[in-house]
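Here are my notes on this one, with the structure pasted in below. Have a look at it before reading on.

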Amino acid sequence: MTTLHHEVRIQAGIDAVWNAVSDLEAVRHYNPMVASVRLVSAERTGVGAARRCELKPKGQVEERVWKWVPPRAIGLEVAASDWPIVFMRWETTLDPERESTLVRQRMEYRLRFGPVGAVLDALVMRRKLDSAIRDVFANLKRYVEDRRSAESRAEALNPASSTMTKAHS
């Protein structure tokens, strides 16, 4: 089994980051491999919620939530995929740090094809997946921070409106 670790510090509070990672359909905004996404479970949130992602340039993956600890951790696993994997699951944790949130992910996976799969992983898959996840984390950072900046600009332009919205929340 292969294990990958990634982390990124996002200049936003934990709630803003949780809102992005816990919205199962938002992945299309920060994962460049996802062409489209739709929920395939009755649950929109929590353990058992599931999504199907259509991938670029082709393929699909169905992912299911196995861990849900708002606003600290979410875990997903691949339930069905075109990929040559036997098993893949990851846990993403959020830790608040003053004005930012540290996002960490631990992913475990195993490829099909026994010893041939292990060689394929060592030669190609691990590097490609590691690079793809680094891109996803960079895009998640940009997505959350850009949304935070846009909200701050909107509040600066119309402070009465944002005060009323917060009062009614």
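1. The biggest share, six residues, is from α3. Helices (H or I, at least four residues) and strands (E, at least two) are DSSP runs, numbered from the N terminus.

2. Before going further: this is a predicted model, with local features needing pLDDT of at least 70 and side-chain atom pairs pLDDT 80 or more, while totals for chains, interfaces and linings use all residues. Residues are numbered from 1 along each chain, and side-chain values use heavy atoms, without hydrogens or water.

3. The cavity itself has a volume of about 420 Å³. Of its 26 lining residues, the closest to the centre are Asn31, Arg51, Trp90, Gln105 and Val136. A cavity here is a set of points on a 1 Å grid over the protein atoms alone where a 1.4 Å probe fits but cannot get out, and lining residues have an atom within 4 Å of a point.

4. Now the salt bridges (a Lys or Arg side-chain nitrogen within 4 Å of an Asp or Glu carboxyl oxygen): there are 13 in the structure. Arg44 pairs with Glu25, closest N and O atoms 2.9 Å apart. Arg44 sits in the loop between β2 (34-39) and β3, and Glu25 in the loop between α1 (14-22) and α2, so the pair ties together parts 19 residues apart in sequence.

5. Lys141 and Glu145 also meet in a salt bridge (2.7 Å, N to O). They are four residues apart in helix α3, separated by about one helical turn.

Conventions:
1 Å grid on protein atoms, 1.4 Å probe; cavity = no way out; pocket = protein on both sides within 12 Å on 5 of 7 lines; lining within 4 Å. Points joined across faces, edges and corners; volume = space filled by probe spheres on them.
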